[in-house]
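Please describe the inner spaces of this protein and the helices around them. Keep it short and plain.

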Amino acid sequence: MSDLLYSEVEEDLRASVRDLLADQAGFSAVLARTESAEPYDLKLWRTLAADLGLAGLAVPESLGGQGASYREVAVVLEELGRSVAPVPFLGSAVLATAALQAAGDEELLPRLAGGELIGALAVPLTLAPDAGFPGGVEANTEGALSGTIRTVADAPVADVLIVPAAGPDGPGLYAVEKTAATITEVVSLDLTRRLADVTLDNASSRLLAGPDRAAAAVRRALLAGAGLLASEQVGLAQWCLDETVAYLKQRYQFGRPVGSFQALKHRLADLYLEIVSARATARYAADALANDIEDVPVAVAVAASTCSAVALHAAEETVQLHGGIGMTWEHPAHLYLKRAKSDELALGTPGRHRAALAGLVNLPPA
């Protein structure tokens with residue numbers, strides 16, 4: 001039976017990550033980076049990935065990881081969602097690492113797990129787990145890759161790209177050094193998670209998985225990404241609720257706290273219930289991924305479709321209930337709204353996941 005409660009170890013991990021992010025990724029620091037030439041905080045990333053060992057939480061110790069599970073990864077993502085920290089955790093520690101694990105790689109994986117390298121799975125951020133093997137890149141008989149992949153998450157700071165490509169014998173998964181690719185950053189709605197178009201022109205590569213494992217490795221990575229992204233959305237939504245409640249307690253109108261008005265109490269109570277439900281779905285998805293149970297696709301589809309909507313609703317309520325200050329650049333609300341909207345599209349929209357869920361549980365279309 002799945003245990004959706006947080007263990008003592010997970011709570012200790014949460015406290016450590018939260019303390020670090022509060023110290024190094026406060027809103028002022030995050031906002032300043034969005035306006036700078038270096039939007040990613042790579043110093044913070046090295047602390048998280050190498051010093052705390054978070055890049056390899058779900059990687060076995062024999063491969064340079066921590067030997068934990070996706071449950072712990074989900075806790076880290078909750079805290080990263082609370083702070084919208086500009087680090088490449090989703091692209092490297094989740095998507096690229098999961099793809100390498102599923103491909104059976106033992107060369108690159110320890111370097112990503114130890115924080116030595118940053119990886120990125122070269123697929124569009126909007127690609128859903130049920131979309132099939134991605135196209136756009138082809139490999140010739142010598143393993144040189146050509147093609148373009150658009151809107152790749154965390155590609156601007158990646159040292160190595162994990163590229164799905166159609167090879168002479170069928171689907172393949174290849175590793176490409178960043179120096180062999182042309183990486184062009186594109187304008188992203190979310191200022192704290194950058195996207196880039198990746199162009200390959202006869203780029204040299206190393207085969208990671210052939211037709212027998214490549215498609216399954218990509219699907220596994222996308223399932224892990226979508227399921228764990230739900231935890232990030234829960235963390236984001238929880239910050240929005242906490243911040244809004246605190247603000248409404250101190251904001252006075254007509255001689256009383258705005259939060260004492262019944263209409264606002266109802267809205268916050270409804271949001272609280274939504275977040276509680278969303279957290280349950282995210283925890284189940286993380287637990288299902290950790291234990292690799294048969295129910296993983298169902299758990300991921302439920303979590304992804306639920307948490308996307310809740311996170312966006314929470315961010316919208318934060319902006320609206322903060323009034324005029326919530327509309328300003330100086331208040332963090334806009335970063336959370338942009339992250340929530342971007343996450344809603346990432347790794348499959350809620351509608352896409354609901355459609356996948358219907359097929360998984362044999363629900364006939366309307």
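## Spaces and helices

About 40 Å³ of space lies in the second largest cavity. This is a predicted model. The second largest cavity is lined by Leu77, Leu80, Ala85, Val87, Phe89, Leu90, Arg193, Glu232 and Arg339. Helices α4 and α5 each give at least two residues to this lining. By class, the lining of the second largest cavity has six nonpolar residues, no polar ones and three charged ones.

Now the largest cavity. It holds about 60 Å³ of space. Its lining has 14 residues, and the closest to its centre are Ala55, Ala58, Val73, Ala93 and Thr97. Again α4 (70-83) and α5 (89-103) each supply at least two lining residues. The largest share comes from α5, with six residues. Here the lining of the largest cavity counts eleven nonpolar, three polar and no charged residues. The model has three cavities of 30 Å³ or more.

The largest pocket has a volume of about 210 Å³. Of its 14 lining residues, Ala25, Arg82, Ser83, Trp239 and Tyr336 are the closest to its centre.

Among the residues that line the second largest pocket are Ala58, Ser69, Tyr70, Gln101, Arg220, Leu289 and Asp292. Helices α5 and α8 each supply at least two of its lining residues. The largest share, three residues, comes from α5.

| Space | Volume | Lining by class |
|---|---|---|
| Largest cavity | about 60 Å³ | eleven nonpolar, three polar, no charged |
| Second largest cavity | about 40 Å³ | six nonpolar, no polar, three charged |
| Largest pocket | about 210 Å³ | nine nonpolar, two polar, three charged |

How far apart are the axes of α4 and α8? They lie 7 Å apart, and the two helices pack at an angle of about 145°. On the α4 side, the contact is made by Tyr70, Arg71, Ala74, Val75 and Glu78. They meet Arg279, Arg283, Ala286, Asp287, Leu289 and Ala290 in α8. By class, this contact has six nonpolar, no polar and five charged residues. Two of these names return from the second largest pocket: Tyr70 and Leu289 are part of its lining.

Which residues of α11 (residues 350-360) are buried? They are Pro350, His353, Leu357 and Ala358. They sit on the same side of α11, because they cover an arc of only 145° around the axis. An α-helix has 3.6 residues a turn, so residues three or four places apart point the same way.

What covers the buried residues of α11? The cover includes α7 (214-250), α9 (296-321) and α10 (333-345). The face of α11 turned away from the buried side carries the exposed residues Ala355 and Gly359. After α11 comes Asn362, with a positive phi near 60°.

Key: Residues numbered from 1 in each chain as written. Predicted model: local features only at pLDDT ≥ 70, side-chain atom pairs only at ≥ 80, totals over all residues. Heavy atoms only, no water. Buried < 20%, exposed > 50% of the residue type's maximum accessible area, 1.4 Å probe, protein only. Helix = DSSP H or I, 4+ residues; strand = E, 2+ residues; numbered from the N terminus. Arc of directions from axis to C-beta. Contact = heavy atoms within 4.5 Å. 1 Å grid on protein atoms, 1.4 Å probe; cavity = no way out; pocket = protein on both sides within 12 Å on 5 of 7 lines; lining within 4 Å. Points joined across faces, edges and corners; volume = space filled by probe spheres on them. Nonpolar A, V, L, I, M, F, W, Y, C, P; charged D, E, K, R; others polar. Axes fitted to C-alpha atoms, helices over the stretch in contact; angles between N-to-C directions.
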